[in-house]
Every structure is written in C-alpha cells, then in structure tokens.
Amino acid sequence: EAEADDHAPPALIAHRGLSAHAPENTLAAVQAAHEAGCGWVELDVQLLGDGTPVIWHDSGLKRCAGVGGRLSRLDLAAARRLDAGRWFSPAFAGEGMATLDEMLALIERLGMGLNLEIKVGRGRDAEALVAAALPPTLQRLPSERLIVSSFDIRALRALRGMQPDARRLRLGLLYDRAPRTWLAQAEALDAYSLHVDWHRLKPALARSIAASPYRLLCYTVNERNVYQRLRAWGVDGAISDDPLRLDPEYARLAS
Ligand code: G3P
Ligand code: MG
C-alpha cells in the first residue's frame, strides 16, 4: 500500500454523493452521504454554456433532468429551472442542479472531503473548466480534504500548472484501464492517486500500483465480495454508490 498518510481519504467514498439513495450529484446526495456517515464524496464538475461550473455527470440533460438538450447550451438562469431530483424519486422533486459554489459551501459546512472529478466532455475546453473550477475549490477546502481527478490528461496538466505543489493539490489519474505507462504518467504529473475501473483491474497490476507511492482507488464498487477481493489485492479504497452496502461497520467507524 501507499506510504502511511495521515491525511489519506477514507477507504470508501460516496460516488456522485450517496447516489444509491438520493439523486446523483445533488446537494441532497451529499447531505445523504453525510447523514449515512460517509466523510467523502466524489462529484463531477462541468461548465454551463455561460461558464458557470456545475455539478453534473452527463453531457445531456435527459437522464437526470428529463428534458432534451445539452448542458453546454444552458445558461445559469435556464439551469435553475431544471428539476434534477424527480427522475430519481418524487420524494426529491424540486431538487435543483447545484453550482460548484453551492456544493463547495455545503461540503465546507459539513466538514466533508471531496474527490472532484473534472469531467471534460467531447470537444470541450479542458483548460477553461480547470480555470473556473480550481480557484473556488482551493479557496473553500483544505488540501487534506480534496483530491481532484480526471480522465483528461490536458485537464490534469493544467491543474498541476496552476498548482505545482503536490502537497497543496492532490491529483488523481482516472483510467478505464491503467496503461503500461501508468508509473511514468503518475511521476510526470506528481500525482497522488490512480482511480481505475475495477472491472478491468487484474491482481498483478493492482499489486504493483499498491506497492508504488501512489494510492489506488477503484470505481464503481457496489458489491461486498468485489470490495473484499480488491482490498486483498492491496487496493486502498473504493468509490461506491452505496458505501454502507460494502461495509456495514463503516457508518459506525466513521462517526
Ligand atoms: O471518479 C470515478 C468515476 O466517477 C468515474 O466515472 O462516469 O462515474 O464519472 P463516472
Ligand atoms: Mg465521476
């Protein structure tokens, strides 16, 4: 495993908030994670057409807001009219799309940790997203309660360019499958962690990453037997829609 790290995130991080029990990437999902005893959440950030950073996973609006169109065509006034909760359950009707600023204020108030995923849509400007998302995040959250990750290497390089001190900004390399060059990439970026899809992770690779200075997280782990197997391979932690399903002791330990 990675070297002893007093400020390491907990082994379980709630994916898009507690997305098994509340509409993903909303304030309600983060509140639910907190109430369940999860100290950390993973959330996706993107830009609206007017440059406002918001917490949203898809490039489109259909799945989580029930309307046609693309996020990149909205301005904030139009985004405010969307319902981002009703698709999940009528109990969450009226839950809005959160801006990054609103979400950071909640996370700060709750004293939680954040894995912010910089979600660069196809054809979208990685540097503009980083320039809009990083300053307010660094302003609100202490470095030990933040990991910023991305699949997009341009975004990661821009983040490191804006904040060269790896103790001040911990970066996570996101992979569907870690490439053979993972170690060189992690070194070049001065990364903190690798976040990989568990479906494609083999034990030999897990063990070599776990033996490196970089932490290894897997997404999206929702079954207890999978989680236990990954931990036995040396995986440091998992990003899960429902952390309590993986470890029923978790809430008690976290509180
Ligand atoms: O950050 C881990 C995971 O969220 C990456 O995939 O599609 O759920 O954002 P996705
Ligand atoms: Mg994500």
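Ligand 1 sits in a shell made up of His15, Glu42, Asp44, His57, Glu117, Ser149, Leu174, His195, Tyr219, Thr220 and Ile239. By residue class, that shell splits into 3 nonpolar, 5 polar and 3 charged. Keep in mind that this is a predicted model, with a mean pLDDT of 95 for the protein.

**Confidence**
- On pLDDT, 96% of the protein's residues reach 70 or more.
- The model's overall scores are ipTM 0.99 and pTM 0.96.

**Helix α5**
- Helix α5 covers residues 126-140, so 15 residues in total, and runs 22 Å from its first C-alpha to its last.
- That span is close to the 21 Å expected at 1.5 Å a residue.
- There's a bend of about 25 degrees in α5 at leucine 134, and proline 135 follows within four residues.
- Leucine 134 also turns up among the buried residues of α5, together with Leu129, Val130, Ala133 and Thr137.
- For a bit of background, an α-helix has 3.6 residues a turn, so residues three or four places apart point the same way.
- The cover over the buried residues of α5 comes from both strands and helices: it includes β2 (40-47), β3 (53-55), β4 (113-118) and β5 (146-150), plus α4 (100-110) and α6 (153-162).

**Loop residues with positive phi**
- Arginine 16 has phi near 55 degrees, a positive value in a residue other than glycine.
- You'll find arginine 16 in the loop between β1 (12-15) and α1 (27-35).
- Arginine 16 counts as buried because it has 26 C-beta neighbours inside 10 Å, and 20 or more is what that label takes.
- Aspartate 190 is another residue other than glycine with a positive phi, this one near 50 degrees.
- Aspartate 190 has 14 other C-beta atoms within 10 Å, so it comes out as partly exposed.

**Histidine 199**
- Histidine 199 belongs to the loop between β7 (193-197) and α8 (203-210).
- From histidine 199 to serine 150 it's 49 residues in sequence and 18 Å in space, C-alpha to C-alpha.

Terms used:
Residues are numbered from 1 along each chain as its sequence is written. Chains are lettered from A and ligands numbered from 1 in the order in which they are written. This is a predicted model: local features need pLDDT of at least 70, side-chain atom pairs count only at pLDDT 80 or more; totals for chains, interfaces and linings use all residues. Helices (H or I, at least four residues) and strands (E, at least two) are DSSP runs, numbered from the N terminus. The bend at a residue is the angle between axes fitted to the seven residues ending there and the seven starting there. A residue is buried if 20 or more other C-beta atoms lie within 10 Å of its own, exposed if 12 or fewer, and partly exposed in between; C-beta atoms are placed from the backbone. Two residues are in contact if their C-beta atoms, placed from the backbone, lie within 7 Å. A residue is near a molecule or strand if its C-beta atom, placed from the backbone, lies within 6 Å of it. Ala, Val, Leu, Ile, Met, Phe, Trp, Tyr, Cys and Pro count as nonpolar, Asp, Glu, Lys and Arg as charged, and the others, Gly among them, as polar. pLDDT is the predictor's confidence in each residue, from 0 to 100.
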